[in-house]
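Could we go through a helical model together, one feature at a time? I would like to learn how to read helix packing, pockets and cavities.

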Amino acid sequence: MSIPGGLAVGVTVGLIVTVLLSSLVAKLLQTGALAQNQTGYAVMGLLLAASFAGAAVAQGRVKHRRRMICMLSGGIYYLSLLAITALFFGGQYTAMGVTALVVLAGCGTAALMCVRQGRGGKAMHRKRH
């Protein structure tokens, strides 16, 4: 898949995971299974999971330059969150620095996992006689 197509799929997956996990957190708050003072931790966890999922899907689709794709996916996901904040919340950018760090941690983890699996940048090795 092309780089723009893979990034679009990855960011879309990240946003879908965000919506689904946000719905789960809202349901847990409504039923009382999650205390109100734990909401911040739940939101950080869902952002971490969503950015990881989006980056993992994007790098799986593109198949080359995986670390760059993971980080670009995280950056586009963060910009999407900024745009959503501006559109729906009147531009109240409180704690967006923490959000950036959490998104960076999620997509960075996906990037490091692709290196760990040996699927990072592959160089040609010459056989020595």
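The dialogue below takes up helix packing, then the cavity, then the pocket.

Q: Before we start, what kind of model is this?
A: It is a predicted model, where local features need pLDDT of at least 70 and side-chain atom pairs count only at pLDDT 80 or more, while totals for chains, interfaces and linings use all residues. Residues are numbered from 1 along each chain as its sequence is written, and side-chain values use heavy atoms, with hydrogens and water left out.

Q: At what angle do α1 and α3 pack?
A: Helices are DSSP runs (H or I, at least four residues), numbered from the N terminus. Axes are lines fitted to C-alpha atoms, for helices over the stretch in contact, and angles run from 0 to 180 degrees between N-to-C directions. Here α1 and α3 pack at about 50 degrees, and their axes lie 9 Å apart. Therefore α1 is oblique to α3. As for the words, under 35 degrees is roughly parallel, over 145 roughly antiparallel, 65 to 115 roughly perpendicular, and the rest oblique.

Q: Which residues of α1 and α3 make the contact?
A: Contact means heavy atoms within 4.5 Å. On the α1 side they are Ile3, Leu7, Gly10, Val11, Gly14, Leu15 and Thr18, and on the α3 side Met68, Ile69, Leu72, Ser73, Ile76, Tyr77, Ser80 and Ile84. By class, this contact of α1 with α3 has ten nonpolar, five polar and no charged residues. The classes work like this: Ala, Val, Leu, Ile, Met, Phe, Trp, Tyr, Cys and Pro are nonpolar, Asp, Glu, Lys and Arg are charged, and the others, Gly among them, are polar.

Q: How do α2 and α3 pack?
A: Their angle is about 135 degrees, with the axes 8 Å apart. That makes α2 oblique to α3. The contact includes Leu47, Ala50 and Gly54 of α2, and Arg66, Ile69 and Tyr77 of α3. Its residues divide into nine nonpolar, five polar and one charged.

Q: At roughly what angle do the axes of α1 and α2 cross?
A: They cross at roughly 155 degrees and come within 7 Å. So α1 is roughly antiparallel to α2. By class, the contact of α1 with α2 has 16 nonpolar, seven polar and one charged residues.

Q: How many cavities of 30 Å³ or more are there?
A: On a 1 Å grid over the protein atoms alone, a cavity is a set of points where a 1.4 Å probe fits but cannot get out, while a pocket is an open set with protein on both sides within 12 Å along at least five of seven lines; lining residues have an atom within 4 Å of a point. The count comes to one cavity. The largest cavity holds about 30 Å³ of space. Among the residues lining this cavity are Gly10, Gly14, Ala50, Gly54, Ser73 and Tyr77. α2 gives the most to the cavity lining, with four residues. By class, the cavity lining has four nonpolar, six polar and no charged residues.

Q: What volume does the largest pocket have?
A: A volume is the space filled by probe spheres set on the grid points, which are joined across faces, edges and corners. For the largest pocket it is about 620 Å³. The pocket is lined by 21 residues, and Val43, Leu47, Leu81, Thr85 and Phe89 lie nearest its centre.

Q: Which helix supplies the largest share of the lining of the largest pocket?
A: That is α2, with six residues. In the pocket lining, 13 residues are nonpolar, eight polar and none charged.

Definitions and conventions. Helix = DSSP H or I, 4+ residues; strand = E, 2+ residues; numbered from the N terminus.
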